[in-house]
Amino acid sequence: MAPYCLLFGFTGIFGFILCEFKKSRKSDLIFLIILTGILIVMASVRAHTVGVDTEVYMDYFSNMVGRSPSFLVSKENIYWREPAYSLLNFIFAKITNSPAVFMGIVSGLIIGLRSIFIYRYSSKIWLSVFIYITFGFFGYAMCTLRQELGISVALFALPFLQKRKIIPYMLIVILAACFHISLWVMIPVYFFVHIHAHIFLYCREA
């Protein structure tokens, strides 16, 4: 628990000093790069006992080593309904046979995507990172890998939801759902949001 408490304190103090006393895009970027690096390192060196799903994912990766491409679409593949996650395992199983290395790479991908999204869309980057850590989302990046990969991808669909651009929104959501099937729920969300917006405007004008 001590490393996480130190991380909370460091993020809050360092972020406030660097980004509030000298506000600039450069300060935000320096802070984000440093914190992203720290989070990725922490996620990469964690013990395999961290996270209730960790050993399941490590066993799945080990089972992927030496498999042929046909395994990806076979019913023997327990994640065949989530082809992007299966393919990710398959690709890295050709590069390394270490589950620990793979877990570190996936956690880094999750954290990296979140950092990119924060940099592009957050108005107060240090506070966004502080919330990401203190609200427990960082912990999920070391546990629920499929869900977190899907969410990290789906985040980039939200600006298109705001702009009512259905095609890029749907393409991103479909990609996200290929990491975890729960993200298919984001398809009806698009129509619900815009129907609700039309009803609100109608009622306000009535």
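The model is predicted: local features need pLDDT of at least 70, side-chain atom pairs count only at pLDDT 80 or more, and totals for chains, interfaces and linings use all residues. Residues are numbered from 1 along each chain as its sequence is written, and side-chain values use heavy atoms, leaving out hydrogens and water.

View 1. Cys5 is partly exposed, with a relative accessible area of 42%, whereas Cys178 is buried at 19% (buried is under 20%, exposed over 50%, partly exposed in between; 1.4 Å probe, protein chains only).

**View 2. The buried side of helix α3.** Helix α3 spans residues 54–64, and its buried residues are Thr54, Tyr57, Met58, Tyr60, Phe61 and Met64. They lie on the same side of α3 because they cover an arc of only 160° around the axis, taken from the directions from the helix axis to the C-beta atoms. Helices are DSSP runs of H or I with at least four residues, numbered from the N terminus. The buried residues of α3 pack against α4 (83–93), α5 (99–121) and α8 (145–154), with contact meaning heavy atoms within 4.5 Å. Just after α3, Gly66 has a positive phi of about 85°.

**View 3. Leu127 in helix α6.** Leu127 is located in α6. Its relative accessibility is 33%, so Leu127 counts as partly exposed.

Key:
Helices (H or I, at least four residues) and strands (E, at least two) are DSSP runs, numbered from the N terminus.
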